[in-house]
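Hi,

Here is the structure I promised to pass on.

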Amino acid sequence: MSSDTLANVATAPPPENPAVLPDTPRIVPRPRAGQWTAAALVLVLLALAATSVIRNEAFQWGLVADYFTSASVLRGLWLTLWLTAVVMVLGFALGTLLAMGRLSANPVLRTVSWGYVWFFRSMPILVQLLFWFNIGALYPEVFGVRTVNLMGPVTIAVVGLTLHEAAYAAEVVRGGILSVDRGQIEAAQSLGLGRWRRWRRIVLPQAMRSIVPPAGNMLIGTLKGTSIVSVIAVQDLLYSVQLVYHRTYQVIPLLMVATLWYVVVTSVLGVGQYYVERHYARGSERAR
């Protein structure tokens, strides 16, 4: 090959995209007219539904605005939030003990923990609350104190909801612990880390990645589920609006007040859950 030919080859500009040959056919995306038509139809239906709700005078949005921040509604909202927080803390504390019992090598602890989870997951929460509400028929006195004086409606709500919540929390915690690779626990043991330190530094941070999402759903479900305590005259958010519309007969506006407050609180909890999940997902694929 001559020196002129070599010079031309050396100075020739590289192709714009060496991976694409000149004769390669162009790939054209397949048109998705059906999907865009369906999306447009959904948007139209949503707009019609929103317009119907906003312009429907039966909702009486003026009354909704008046009662939204009324004192009785805010007291009911505060009790709902307090009840949700107490039940979640106590439920997960008891649920963690039950999860450790189910993972224990002791057959008695495993059996008792499994029996607890089986029993309380099998019984509807409304039945549990009504049972505790009528506990005085079985045990009129406990330690010399009348049961009626010992367990008021709020105490009954806390006990019933906590026992119910613990059964589900136990399975959430147990699933999170089982999601941790056994090899990492064995590696921590080989390094001489104590049991508590292994749980705190190795097991718990990784288990939280699997625990937080269902725990967040349980929190939101518990918030909405507290409305069931209105059947035993606990003045939560729903019971508070019921007291008002039983007096004023404005049923729809007061139900909308309760609905909007539930939507607001669950939305805030959903945002908090997102950031907690992102915190515990650091360093994993889900954090990217």
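At what angle do helix α6 and helix α8 pack, and how far apart are their axes? Before I get to that, some housekeeping: this is a predicted model, where local features need pLDDT of at least 70, side-chain atom pairs count only at pLDDT 80 or more, and totals for chains, interfaces and linings use all residues. Residues are numbered from 1 along each chain as its sequence is written, and side-chain values use heavy atoms, with hydrogens and water left out.

Now the helix pair. Helix α6 (residues 125-133) packs against helix α8 (residues 153-178) at about 140°, with the axes 9 Å apart. (Axes are lines fitted to C-alpha atoms, for helices over the stretch in contact, and angles run from 0 to 180 degrees between N-to-C directions.) That makes α6 oblique to α8, since under 35 degrees is roughly parallel, over 145 roughly antiparallel, 65 to 115 roughly perpendicular and the rest oblique. On the α6 side the contact (heavy atoms within 4.5 Å) is made by Ile 125, Gln 128, Leu 129, Trp 132 and Phe 133. From α8 come Ile 156, Ala 157, Val 159, Gly 160, Leu 161, Leu 163 and His 164. Sorted by type, these residues give 9 nonpolar, 3 polar and no charged. (Nonpolar covers Ala, Val, Leu, Ile, Met, Phe, Trp, Tyr, Cys and Pro; charged covers Asp, Glu, Lys and Arg; the others, Gly among them, are polar.)

Gln 128 of α6 deserves a line of its own. With 1% relative accessibility, Gln 128 is buried (buried is under 20% relative accessible area, exposed over 50%, partly exposed in between, using a 1.4 Å probe and protein chains only). The Gln 128 side chain makes a polar contact with the side chain of His 164, at 3.4 Å. (That term means a pair of N or O atoms within 3.5 Å; within protein, one must be able to donate a hydrogen and the other to accept it, and residues adjacent in sequence count only if both atoms are side-chain atoms.) Not counting residues up to four places away in sequence, Gln 128 also touches Phe 120, Met 123 and Gly 160, among others.

Of its 288 residues, 31% are buried.

Cheers

Note on methods
Helix = DSSP H or I, 4+ residues; strand = E, 2+ residues; numbered from the N terminus.
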